Amino acid sequence: PYRVKVTAECLHLWKGPGSDTTKAGSITDKGVYTIVEERNGTGATKWGKLKSGAGWIPLDYVRKI
């Protein structure tokens with residue numbers, strides 16, 4: 001696991017690793033989140049699964065801390 005800081009104003013959460021899955025919400029706080037798994041998927045270079053279980057985010061819009 002590792003932590004990331006969101007760099008986008010609004011980052012959508014997805015139920016799976018890809019923008020072709022169902023949207024699960026969004027992040028608008030530019031907060032820090034823990035990534036527990038990475039996968040390839042549609043719409044981003046890499047996808048990261050949030051430790052909270054809330055969903056997957058495109059890692060193109062975060063930076064590792």
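Local features were considered at pLDDT of at least 70 and side-chain atom pairs at pLDDT 80 or more, while totals for chains, interfaces and linings use all residues of the predicted model. Residues are numbered from 1 along each chain as its sequence is written, and side-chain values rest on heavy atoms, with hydrogens and water left out.

Strands and helices are DSSP runs numbered from the N terminus (E, at least two residues, for strands; H or I, at least four residues, for helices). Buried denotes a relative accessible area under 20%, exposed one over 50%, and partly exposed a value in between (1.4 Å probe, protein chains only).

Side chains of opposite charge can pair when their charged atoms come close. Two salt bridges were identified, a salt bridge being a side-chain nitrogen of Lys or Arg within 4 Å of a carboxyl oxygen of Asp or Glu. One of them pairs K30 with E9, with 3.2 Å between the closest N and O atoms. This pair connects distant parts of the chain, 21 residues apart: K30 lies in the loop between β3 (23-27) and β4 (32-41), and E9 in the loop between β1 and β2. K30 is partly exposed at 30% relative accessibility, whereas E9 is exposed at 61%.

A further salt bridge joins E37 to R39, the closest N and O atoms being 2.9 Å apart. The side chains of these residues also form a polar contact of 2.9 Å (a pair of N or O atoms within 3.5 Å; within protein, one must be able to donate a hydrogen and the other to accept it, and residues adjacent in sequence count only if both atoms are side-chain atoms). Both partners are partly exposed, E37 with a relative accessible area of 28% and R39 with 42%.

E37 belongs to strand β4. Beyond its neighbours within four places in sequence, E37 contacts W47, G48, K49 and W56. The C-alpha atoms of E37 and S52 are separated by 12 Å, the two residues being 15 residues apart along the chain.

Definitions and conventions
Contact = heavy atoms within 4.5 Å.
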